[in-house]
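Hi everyone, thanks for coming. Let's have a look at today's chain together, and I'll talk you through a few of its features.

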Amino acid sequence: MPHMWWVVAASVVVGLIAAYLIWTAGRVERLQGRAELAARALDAHLLRRAAAAAVLAERRFGVELYAAARIALDAGPDEREAAENDLTRQLRGVQLDATDPDCAAVIAASRRLALSRQVHTDLVRDARSARSRPLVRLLRMGRGREWPRYFDIDDPTLAVPADVPAA
């Protein structure tokens, strides 16, 4: 009978280790999934801002802003960061009037994009941190998915004149 306690203790230890490993694998999967969803949301906000900038360029501003917006809309995954940075520079170069509905749409889309980018960055950081832990790498818990990637662009928030309230 005294040897039975060792079996029970070993079973409890194995059960606790298994529970921890299952919890860790679930956490890695959840963080990875959330990072992928945040990347999709970021992509949607990038498209909305580029579309709003294209409409604004057609109605008020010149060809350069329209070209930057079209390039951002049509850019592939490898060219996306450069195209979005160019669009941000073009938008900063024009005088936006917050009372104009087209300008207000671009300003609002830029603010939403900035928030979406911050959420995406936070989730990617958490997912990469979880996947880089030694036990996770040793057991290859995240092997079914690619490493989450940061989306590195300039801050897309646009300045609004101080005398005009933002929409």
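Okay, let's start with residues 6-25: that stretch is 100% helix and 0% strand, with its end C-alpha atoms 28 Å apart. When I say helix or strand, I mean DSSP runs numbered from the N terminus: H or I over at least four residues for helices, E over at least two for strands. In the unreviewed UniProt entry, residues 6-25 are annotated as "transmembrane region". A UniProt annotation like that may be inferred rather than shown by experiment, and its positions are given in the numbering used here, with feature names shortened.

Before going on, some housekeeping. This is a predicted model, where local features need pLDDT of at least 70 and side-chain atom pairs count only at pLDDT 80 or more, while totals for chains, interfaces and linings use all residues. Residues are numbered from 1 along each chain as its sequence is written, and side-chain values use heavy atoms, leaving out hydrogens and water.

Now, which residues make the nonpolar surface patch of about 630 Å²? They are Met-4, Trp-5, Val-7, Val-8, Val-12 and Leu-16. To be in a patch, a residue needs over 30% relative accessible area and no salt bridge; nonpolar side chains (Val, Leu, Ile, Met, Phe, Trp, Tyr) are joined within 5 Å, like charges within 9 Å. The areas come from the Shrake-Rupley method with a 1.4 Å probe, and for residues only the protein chains shown count as cover. Take Val-7, which lies in helix H1: its relative accessibility is 47%, so it counts as partly exposed. Buried is under 20% relative accessible area, exposed is over 50%, and partly exposed is in between.

On to the inside. The largest nonpolar core has 21 residues, and Leu-56, Leu-65, Leu-87, Leu-91, Leu-96 and Val-106 have the most contacts inside it. At least two of its residues come from each of helices H1 (2-59), H2 (63-74), H3 (80-92) and H4 (101-131). H1 gives the largest share, six residues. A core here is a set of buried Ala, Val, Leu, Ile, Met, Phe, Trp, Tyr and Cys residues joined through side-chain atoms within 4.5 Å. Leu-56 touches several residues beyond four places away in sequence, including Phe-61, Leu-65 and Val-106. Contact, by the way, means heavy atoms within 4.5 Å.

Is Thr-88 buried or exposed? Thr-88, in helix H3, has 0% relative accessibility, so it's buried. Leaving aside neighbours within four places in sequence, Thr-88 is in contact with Arg-49, Asp-154, Asp-155 and Pro-156.

Last topic: charges. There are 11 salt bridges, each one a side-chain nitrogen of Lys or Arg within 4 Å of a carboxyl oxygen of Asp or Glu. One of them pairs Glu-29 with Arg-145, with the closest N and O atoms 3.1 Å apart. That pair links distant parts of the chain, 116 residues apart: Glu-29 sits in helix H1 and Arg-145 in the segment after H5. Another salt bridge joins Arg-60 and Asp-100, at 3.2 Å from N to O. Here the loop between H1 and H2, with Arg-60, is linked to the loop between H3 and H4, with Asp-100. Asp-100 counts as buried because its relative accessibility is 16%, whereas Arg-60 is partly exposed at 43%.

That's all from me, thanks!

Definitions and conventions. Buried means under 20% relative accessible area, exposed over 50%, partly exposed in between (1.4 Å probe, protein chains only).
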